Amino acid sequence: MTGVDPYASSYLDESPYSYAGANPIYYSDPSGGSYADLSRDDEFVNGGYNVFNSGGGSRSGLQWANQYRSVAMNAMLMSTSAFQNYYGINQMTGQQKAEFGRNYLASNPTAEERKTIGNFLGGELASDGTFYQTVSTALYGSDGTMLGAGYVIPQKINLNAPAFHSSSNSGWWGLMTDFAQGLWNSPFARYHVPDFPSLGVGFSGIAGFGGGTSFELKWVARGPDASFVPAVTVTQAVGAGYDVSAGVQIGGANYLGDVQDLNYEMLQTLFNAGDATYFGSAGLGPVSLTGTYTPTPTGYGILGFSGQFGPSLGKGAGGVMNTKFLYNPWKN
Amino acid sequence: MRHKIIIIGIVVSVLLLLIYLQLERLERAESQYEKFNQASLEGRISFLEASVGLVYIKIEEDSEKYAFMPLEIAPNQLGFYSIADLGDSIVKRPYSDTLKLIKNDKSYYYTFKDLGN
């Protein structure tokens, strides 16, 4: 096409060979018409720009440049409100914001870019994909009275908690993994394989009153802390009755609540924290059977059962036990 | 018959005792959680212990002991008790559902189980 540039008179101080004011990062000019400041929410209409920042009227025109820029570039060029409007941030649920943030992380943003996107999303976006939504809430006293109207405190809401991750995998492998996990955590499986299997050696010297000690390997078989590597624990018991025995112990314990509550800190029961495991044992020839119950703060206790194989005297005993880590594989 | 009644009596008594002990533990957990939930914690950890799923901490220049049940908020993140050591810092605002652990200039975030209900 030949002819006089209809916009020539508008750019007399610029070279006819330069594109977009010789600043293609800040300006854009797809039609050869007038170029526009990309930091503004202008609309490209009929070869020129219709400045459209008032927010009034229909936005049916194409904000053409935005769709070709990366999220990071849009974040750099747009105002907070423009970015939020363009991506519909304000209409997103917290979970959708977290998903948006995680998708964005796939582009390997810098820490500064991540911080900017986090601000636009209304929170903080951590490098591991966790999104913390910042909300404000009034501060109330323990009696329910408001401690000063308008006094607010920031509160971070974690949107990346397990509850938001019903499936962490995708595809066939994900389906298989989820199925296997569901099966492993089912009541049927928990009935047959305990949450905390254990293997150890111990002795009991209760005749009237007395005590006992055992050393055990304990595994966490389910929940977020599940591992093949066992912890080594020592259990000290005091009780009353008649149970003099020694031998190899095999057993396990089940938490009566949800699998998601399980953590390895449940393996430890400390008298000095006001906690105890309550036990009862019965001697059956060369086998001594022990049942235990540990109350937990969630309202669901830990029910344990073990058999000790070895020389045994006595009918039975009962008492309390304190269990402590000797070696904790989860601790750095 | 009398032998059977005695055994049943013992079993029922033990069950009632365990129910009582569990309810007592639950009640104690609620007050522990309420105290932790209201607290504004900011400072270095001077005491750290764990028992039956709860983590107990003390902050320097604060004689109070606080207990909470931490939950990891990101997949494959190590638990609070695994990462935290004496001398590390924590920050938690009153009624916030998130606790920040600062270790070697790196921040770790944890939520905690609501034991208040």
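**Terms and their grounds**

Biologist: What makes strand β10 (residues 277–284) of chain A and strand β11 (residues 287–294) of chain A a pair?

Modeller: The model is predicted. Two strands pair if at least two bridges are found between them. β10(A) and β11(A) are joined by 7 bridges in the antiparallel sense, so they meet the definition of a pair. Within this pair, A:S281 stands opposite A:T290. The hairpin of β10(A) and β11(A) has 2 residues between the strands, and A:G285 there takes a positive phi near 70 degrees.

Biologist: How do you know that β11(A) and strand β12 (residues 302–309) of chain A pair?

Modeller: These strands share 8 bridges, in the antiparallel sense. The definition asks for at least two, so β11(A) and β12(A) pair. Here A:T292 stands opposite A:G304 in β12(A).

Biologist: Why are residues of chain B said to be in contact with residues of chain A?

Modeller: Two residues are in contact if their C-beta atoms, placed from the backbone, lie within 7 Å. By that criterion, 38 residues of chain B are in contact with 41 residues of chain A. On the side of chain B that touches chain A, α1(B) gives the most, with 9 residues. By class, this side has 22 nonpolar, 9 polar and 7 charged residues.

Definitions and conventions:
Residues numbered from 1 in each chain as written. Chains lettered and ligands numbered in written order. Predicted model: local features only at pLDDT ≥ 70, side-chain atom pairs only at ≥ 80, totals over all residues. Helix = DSSP H or I, 4+ residues; strand = E, 2+ residues; numbered from the N terminus. Nonpolar A, V, L, I, M, F, W, Y, C, P; charged D, E, K, R; others polar.
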